[in-house]
Amino acid sequence: MPDSVPSPAGSLRALHAAGELVAAYPQVRGLLDGAPAHELDFAGRALARLDPDEVLAAHPGTPVVRVAVTGRGTVGELVPALTGEAARHGMLLRTLVCGGGYARELADPRSALYAHAPELTLCVLDPLTVWEKVAEPWLPIEVTVAAARQRALLAELAAAHAAHAPSGATLVLNTVPLLRRFTHQLTGLAQRAELGGLWREFNADLLYMSTPAEGLAVLDLEPLLAAGIRADDPRMGAYADAHCTAGLLAAYAREAGHLLRALRGGAKKCLVLDLDGTLWDGVLAEEGPEGVSASGSLRGAAFGAFQRAVRQLASQGVLLAVCSKNDPAPVARALAEHPEFPLGAEDFVTVVADWGSKAEGVHTIAARLGIAPEAVVFADDTPFERETVRAGVPGAAVVPLDAEPALHTEHLLADGWFDTPTLTEEDRLRPARYAQRERRERFMDGSSDTTGHQAFLAGLGIRAEVSPAREHESARLAQLSLRTNRFNLTGTRLTTAQVRQLADGPGTLALAVRAADRFGDEGVIGAVFGRVDATGLHLDNLVLSCRILGRGIEEALLSGLLYAARAAGLPAVHALWRPTRANGALRTLYPDHGFAPVPRPGAAADGGSLCFRHALERVTPVPAHVRLRLRLTEAEVETCTPSRT
């Protein structure tokens, strides 16, 4: 049953007709939530006509992304779909369409593409990308040679993009569909199979090039084609030099939008699931734990398949939680004891089972986990509950499941909410870290007063280490910069390649912050990015995972950096705070640790950034309950930072 709410496109059409799209741009994200393809198409075309400067003048805080689109033939039709997808994720595009001649545009450092300074460059490889270099009559081996040359050219163009595009920019390529009108020009079935195998090797080589965290992403079009999307329309190719169908470009734009969101740090962290009709077949309150099912029938097996897909997400660090209108005891018994369920009680980091509002339940889950409510994906089969969460938890993603459980997995994965440029070991360990958090909080029970809380902290045995990032930690530091919002002093987002440049560069720093306590190893939970020169240590950004805040590690880190700078004979420590939508509480962090504000030319134009300086005459002590080891560079001797001045 579809949601009984006004059509998103209907609301957007009304704004468009009234000429109010610019004024209402912040509402567009919500209006497009869950919109079907045909409605997104209209939205994209309407939004693509807007002047980005007018939108920014009306809404200065709107996130802007500079995008360049190039390809072999006509690629401008991609822009409306991409504009709509970006708007769904709260972003505004400045798009340059370069048209044909992608090799020239990417190879020439003086091209219009590089003058545009794109953050994201989409190089659309259409189905004729290789065939234009193949002369008739041909054999499979000749196609292979042309494909190998194309692969080498793309590698050269990727290197050129890395050299000439802005630091941190990403080039997007894609696999190339193999059209039936080429394969069936071969009448020998063995030769046709040979061509298919060689073509798949070419696409596999393209996919192996993909390193999204380092500036090169390759979108795999095969799953899109397998979903029934036609790759080309021969008529449009012949008469308009447009060799991809509108449907393929729309699906491409959707995948590119997911990639852009991931590169901007928009991946969600927690999947909150309903139970009845979502995770299992049956109504717990009526049938009891023994009466619900995830196997034993074709319909029940569909729920079991959905649970297995959810478990696969959890194995990669997605936090699982339950928000159900049920009594807690039967829910606990069903999750812990039901023999049919692939998921068990141990797979969920927290459970809210009561008869209250599910919007309140999602807020409770977010508070328990120490994450922002907008980092949640909520999946439920009841339209009313979905609308409750949409209205009560702005920014959270809402997955519209329905009465057909066989489609639950497809609906859940449609928007790639948990996509991340690189999966790190920290991601895989995240559920275990949150299980440690729960044990830690149980240990804290009864310690709510100041004396009790200090005793709790002292009993944790907190150990923190800060040192130059190891090679394998660069991806994790980049991920922290992308996905951490609350304790991110400037909001700066970095790629893995940029982190490595800071780690290896002369006078630049990329420090990893690691923590552990009596309940286990927390791994890499923070990052320090900065520079050292004759004027002192410059803290360009500090980032800490929200899950460790409140234990004194943030105070220990900052005090430790001051001690280390003084021990190294530096004259001062300089720091920057740049406001974002989530880090306002950190405005006083530096002043609270003895930093004095200093004037900064152009700060007002930089969104209200504040600069600070610490003369290192008196340093705030490291909290006594934290044992901190810190070194600024590999060359320095590792020492234990004192707890007292």
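This is a predicted model: local features need pLDDT of at least 70, side-chain atom pairs count only at pLDDT 80 or more; totals for chains, interfaces and linings use all residues.
**Entry 1: a charged pair.** I started with D53 and R94, whose side chains meet in a salt bridge, 2.4 Å from N to O. I then checked where the two residues sit: D53 is in helix α4 (residues 52-58) and R94 is in strand β2 (residues 92-99). They are 41 residues apart, so I noted that the pair links distant parts of the chain.

**Entry 2: two helices.** How do α8 and α10 pack? I found an angle of about 5° between helix α8 (residues 140-164) and helix α10 (residues 189-208), with the axes 10 Å apart. Angles under 35 degrees count as roughly parallel, so α8 is roughly parallel to α10. On the α8 side, the residues in contact include V143, A147 and L154; on the α10 side, L195, W199 and F202 are among them. Sorting this contact by class gave me 9 nonpolar, 3 polar and 3 charged residues.

Entry 3: I spotted a nonpolar patch on the surface, formed by L139, I141 and V145, with about 270 Å² of accessible area together. Of these, I141 lies in helix α8.

Entry 4: Then I looked at the bond from E136 to P137, and it is cis, with omega near -10°. P137 sits in the loop between β3 (120-124) and α8. A117 has a positive phi, near 55°, though it isn't glycine. I found A117 in the loop between α7 (112-115) and β3.

Technical notes. Residues are numbered from 1 along each chain as its sequence is written. Side-chain values use heavy atoms; hydrogens and water are left out. Axes are lines fitted to C-alpha atoms, for helices over the stretch in contact, and angles run from 0 to 180 degrees between N-to-C directions. Helices (H or I, at least four residues) and strands (E, at least two) are DSSP runs, numbered from the N terminus. Angles under 35 degrees count as roughly parallel, over 145 as roughly antiparallel, 65 to 115 as roughly perpendicular and the rest as oblique. Contact means heavy atoms within 4.5 Å. Ala, Val, Leu, Ile, Met, Phe, Trp, Tyr, Cys and Pro count as nonpolar, Asp, Glu, Lys and Arg as charged, and the others, Gly among them, as polar. Patches are made of residues with over 30% relative accessible area and no salt bridge: like charges are joined within 9 Å, nonpolar side chains (Val, Leu, Ile, Met, Phe, Trp, Tyr) within 5 Å. Accessible areas come from the Shrake-Rupley method with a 1.4 Å probe; for residues, only the protein chains shown count as cover. A salt bridge is a side-chain nitrogen of Lys or Arg within 4 Å of a carboxyl oxygen of Asp or Glu.
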